[in-house]
Amino acid sequence: MADSSHDVLIIGSGAAGLTAALALAETRKVCVLAKGSLTGGSTAWAQGGIAAVLDAGDTFENHVRDTMVAGAGLNDREVVEFVIERAPESIERLRKLGVPFNAEGADLHLTREGGHSHRRIVHVDDATGWAVQDALLKAARANPNITLIPGQSCIDLVTGHNQVEFSGSGRVWGAYALDEASGAVVRHVARATVLAAGGAGRVYQFSTAPRGATGDGIAMAYRAGARVSNMEMMQFHPTCLYNLEVKNFLITEAVRGEGGQLINPRTAKRFMTYYDAERMELAPRDVVARAIDSEIKRFGLDYVHLDISHQPADFIRGHFPTIHEKLLGLGIDMTSQPIPVVPAQHYTCGGVVIGLDARTDLPGLWAAGECTESGLHGANRLASNSLLECFVFGEAAAKDILANWDRFEAPPEILEWDESRVTDSDEEVVIKQNWTEIRRFMWNYVGIVRTTKRLERAANRIEMLGKEIQDYYGSFRVTTDLIELRNLHQAADLIVRSALRRHESRGLHFTMDYPETDPVARDTVLVP
């Protein structure tokens, strides 16, 4: 594959990236890069749905309050209002693109999830993300102004440092990417770049995130000079299927929303009574995940049970067709048996700092979706607010780029990628070993419940591995595995440093050394 030059470069082909692409392509030539396949990101995996105020008894104010309560006061109220007020129009745009949301008569069917005071989740059965990804991709493929390029592993952003005539401006002009098919590193140059590269879930041993969620966007932006914020706020989904053959299969929040109960398999007791008697299984994710973690550790269990078998079989099959079918294939009939579940990393609430216009600190770089910290989620994301954030900020980035288009200069001449001092690696085992090590110590030391001692142990290991990875990166040709390892390591470093800085427990960050919550909520901001 040869170098490419476009008006706008978008890194990531999920909900945020494709939303931005479709809005920009009305007047501009847009290039969308995907690592691996175009459907390999998190969007396609989203089961639950999209939160929007559409119910007669519901209000924007209720949705704002629920989001702020889940976010433990760390959210930016202006951002929360900005996003929630734009939810109904986002849903309308998706309907026009052909997303077949479940209906109830003339209205959309709304389900309820943990942390929500009303039914407000629009969905397509229990596979909303796939329907959204499919509709966005169809529209992008049909648009002559959009070029979709899969198999591109981005290595670093192109900045003034990479110009033939060096500049210290920090201006972003696109990205260097490994073309996976040819093994060559290519330059994708553009006047404006949108980072929509997803989260850093694969930094953990157990995660519901897809294979490619290695924090690439966050790591690249940080290396290029952008601030990141609240990286310690890692959301763990309470209910991931416990199965030794099948990794990362999520049991949606909506199973609890429709009456699913959490049971300790040893005591046969419904244990949420002891942790949150009022909200029970519908408490926010951080509360439920800590409760399950506590039961597992206290009783030495491998998993707990999620049981919805008291509901009619037709009701279960009708509401959760995808999950029901998947479980049947594994010998579990959820209409008559409990589902074994464990918590797993699920969502990166922190990320690259952006404003309401989706601008980052770096001129020429906008960002949207899970790789960002917009101020929407605060210390814990409310269920089904994530796809919503992608649509709103994908649109905001496009709007800001188009409004300022006439001020952007043409890209300067950019240096080729320098491979003069590297050779092919004969030590792939090093990558595998370091990858496994990072994911394991992050799970054990930087998981659902933390202590300063564990965090310091993780920090020591990160420092040690950093030297090894840098040495390897400087000596050998890049491969996707090496690029991902470098980014995974950078993301782990940002998470641990952020966690060590927060001397309180708030939302998703729970530490035994500082169990109290400070009266004032402050963001943890890391400056490169």
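Reader: Is Cys-349 buried or exposed?

Author: This is a predicted model. Buried means under 20% relative accessible area. Cys-349 has 2% relative accessibility, so it counts as buried.

Reader: How many disulfides does the structure hold?

Author: The general idea comes before the case. A disulfide is a covalent bond between the sulfur atoms of two cysteines. The structure holds 0 of them. Take Cys-154, which is in no disulfide. Its nearest cysteine sulfur belongs to Cys-31, 9.3 Å away. The cut-off for a pair is 2.5 Å. Cys-349 is in no disulfide either. For Cys-349, the nearest cysteine sulfur is that of Cys-390, at 13 Å.

Reader: Is Cys-154 buried or exposed?

Author: Cys-154 is buried, because its relative accessibility is 6%.

Reader: Where is Ala-72 placed?

Author: Ala-72 sits in the loop between helix 2 (60-70) and helix 3 (77-85). Its relative accessible area is 24%, so Ala-72 is partly exposed.

Reader: What is the phi of Ala-358?

Author: Phi of Ala-358 is near 70°. That is again a positive value in a residue other than glycine.

Reader: Where is Ala-358 found?

Author: Ala-358 lies in a loop too, between strand 17 (351-353) and strand 18 (365-367).

Terms used:
Residues numbered from 1 in each chain as written. Predicted model: local features only at pLDDT ≥ 70, side-chain atom pairs only at ≥ 80, totals over all residues. Heavy atoms only, no water. Buried < 20%, exposed > 50% of the residue type's maximum accessible area, 1.4 Å probe, protein only. Helix = DSSP H or I, 4+ residues; strand = E, 2+ residues; numbered from the N terminus.
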